[in-house]
Amino acid sequence: MISNFSQFFTLADYAMVLPIILLTLFALGILLIDLMVPAEWKWSNAVTALIGIAFAAGAVCKAQQNLRLMESPFVLSGSMIFDRITIYFFYLFLAGAAVAILTSVHYLEVEHEHRGEYYSLMLFSVVGMMCMAAGYDIVLIFIGLELMAISTYVLVGFLRRDRRSNEAALKYLLLGAFSSGIFAYGLSLFYGLSGTTNLGGIGQALARHMEANQGHPSPVAVLALLTTATGLLFKIAAVPFHQWAPDAYEGAPTSITGFMSVAVKAAGWAMLLRVLVWGLYPLRSVYVPLLIFVSIATMTAANFAALTQSNLKRLLAYSSIAHVGYMLLGLIALASVQYPAPAFFDGLKGILIYLLVYTFMNLGAFAVITSLRNKDVIGDELDDIAGLFQRAPVAAVMMLAFLLSLAGIPPLAGFYGKYFIFLSLIESQHYILAALGVAYSVFGLYYYLKIANAMFMRPALDQERLPISFGMKTALGISALLTVFIGVYPEPFIRAVNWSLGIVHSGAVAELMR
Amino acid sequence: MQPVATTFFFYLLAGLAVLGGVLVITRRNAVHSALALILTLLSLAGLYLMLYAPFVAGVQIILYAGGIMVLFLFVIMLVSIEKSQKEEQFNKLWLVGLLAAIALGGLFIGVYVKGKALFPEAKVVLEEGNNTQGIADYLYGHYLFTFEIASLLLLVAIIGAVVMAKKRI
Amino acid sequence: MPQNYIPIFIFLAVVGILIPLTLLAAKLVRPENPSRTKLMPYECGIDPVDNARGRYTVRYYIVAILFVVFDVETIFLFPWAVRYKALGVFGLVEMLVFLLILIVGYIWIWKKGALEWV
């Protein structure tokens, strides 16, 4: 029996989890303050949320400076891992949440659902994401996943009077709960195989197990991997677990669709990387063929399905799924080679850069669609965006930039995401996959240009100017600026990603990779 | 201390759990299904007792059978279901579904029979009569951050329930 | 340890056998002459007016779901209470943080009127 419990939480641990603590405090504060705020002043909740995100970003910066002083990246008795990739993901989540909050204010006013709980739930969702990205214990990862997921279910159903929103929340909840259950079953099998809930311990036990079996995993390990992969792939909406995405994206409030497609996906990727690369690395001979199948199926199904969509949100949902297919190619490249090979780092670099550029270009695209909503127009369909150039020329040009970036056209940000992924594929000699990826990227250009065609070439259904609120303008400005800037001058961002991968050279992590 | 007639009790409880599960999906009346689910949950609590985990068994009964099944029954009460009693219980592809379930069951049995030797001896052996204390040691020691995040999870559940269900908030 | 639960099992077994046995015996012994009037649900002597399944308010559901969440919170209190001394002040502070977060939730639902019964 333990006699001294305070050994489990030291001052160093406190400094590292400060971002999470600050976000929690601000979210609780918004909940309580919202009770006293009158109806016209509800936007102050958004301001509080943004201030909370700013404080949390400051705390992440402080943690980043403390990183140099830590001998080992594990905090909280091994429950969390605080390396540079964690810091990178923290900044990414906070940026995504901030831009999504900026797009929400006017949208919620129009929908008459402007409540403080919205911002509170978004902050709780970010706390869950941080636990998923920093978690090194399968229990913490699972709880973080559930926290993020439940906040998102409620946010998707936030438009209580809209049937589509209710339906979207129900579908997302049912499929999400089901896949979380299967995921928990897989994790319990890994616990049974290794006797510990720590990802490092699981990795070592699996490495011993693979050695004892001459490189052939036992059926139980394969079953555990399959069930765990189900939960992981569901969250990033890869085929065949993508069915929830089009419906959830279409029915949700558009600002939440932007948030979901960006931050929730990044958190799903963080969890996927942590579990597959840090935890289940010895099983990579089993999951690489599985991922090859999943990524080809994802790219195919998503690109073909997006061709026939007329609803903008569904179209962008399928395009999100297609992007996940490209990112999975990066994961295949990184898992197909032995640890210190260049393809490993390029694959990881590709995924991280792709998530960064994808955050801003996708948020920008959804911000433009959110701004289409006004009193009588829902703003989802292709017809609603027709003639946007006459109604709001700046927004139309920005949307063109986002669409071209999503397609991967060079002087814009999306190109760099795809570049590193295809580079890593070629370095790991998956030439066919690289060719397929490029072919599907070109294929995807069709539906992005379909939207651009509607904006510029078709006449508008009503001629009045589209009012864009201050928050929306800020959000659009940030997204467009970063999309173009990263595309034209990617150096600082590539250097940031290289920095975040630096810790992978450390001895402790290298031990796990073998 | 030697446990008594473990095999008999295991098969009895497991059989009751499976019986409850089958009854859940085959009964037409939703309340009968809920009661069968309670049967399954109580048999699982018995299985936990056999594994020397009385706290988990108690939580299973208090929370699952006592809280969540009450929720189920409330929903059954709130939603009018006479229509569903007249509908078809299974759709036309029930045979395919049954074969798929049998195949999946066979797969699981095969995997576990072949891999039985892999699972290491129980790494954590909680002493008899100290289940709750053992759980406390882990929950408030090693897993304390997870425990605090779990409180956030409960809070989000509260917010979600009131936001979605209340007519005017 | 599980031997201590054998009396409970005997109790459940006796109940599980005795009650169906009694009902079965009653069913075999009694006469069965159903008629339309005898089978109608009793409504104070008059003919039944409406369907038994009317509309219920959703307040019952909200109370039930809040009960489940606060029940989970109570469950977390049990292990802490059992190891109270060993956990010391550290455990107390930890548990206070846990409870405070849920008290904020409680204040929120109180002010939102979810606990109103009228």
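pLDDT is the predictor's confidence in each residue, from 0 to 100, and two residues are in contact if their C-beta atoms, placed from the backbone, lie within 7 Å. This is a predicted model, in which local features need pLDDT of at least 70 and side-chain atom pairs count only at pLDDT 80 or more, while totals for chains, interfaces and linings use all residues. Residues are numbered from 1 along each chain as its sequence is written, and chains are lettered from A in the order in which they are written.

Over residues 503–514 of chain A the pLDDT stays under 50, and the model has 14 contacts beyond four places in sequence for this stretch. Where pLDDT is low, the predicted coordinates should not be read in detail. For chain A as a whole the mean pLDDT is 89, with 97% of its residues at 70 or more.

| Helix of chain A | Residues | Mean pLDDT |
|---|---|---|
| α22, the lowest | 507–513 | 47 |
| α6, the highest | 138–156 | 96 |

Chain B is divided into domain 1 (1–86) and domain 2 (130–169), with bounds that come from an automatic or database domain assignment. The centres of these two domains of chain B, taken over C-alpha atoms, are separated by 23 Å.

In chain C, helix α4 (residues 84–112) has 29 residues and spans only 34 Å between its end C-alpha atoms, whereas a straight helix of that number of residues would span 42 Å at 1.5 Å a residue, the expected span being 1.5 Å times one less than the number of residues. A kink of about 70° in α4(C) is centred on C:Phe90, where the bend is the angle between axes fitted to the seven residues ending there and the seven starting there. Just after α4(C), C:Gly113 takes a positive phi of about 90°.

The buried residues of α4(C) pack against α2 (18–33) of chain A, α6 (131–142) and α7 (144–165) of chain B, and α3 (59–82) of chain C.

The contact between chains C and B takes 37 residues from chain C and 42 residues from chain B, and α3(C) gives the most to the chain C side, with 17 residues. With chain A, 10 residues of chain C are in contact with 8 residues of chain A.

Technical notes: Helix = DSSP H or I, 4+ residues; strand = E, 2+ residues; numbered from the N terminus.
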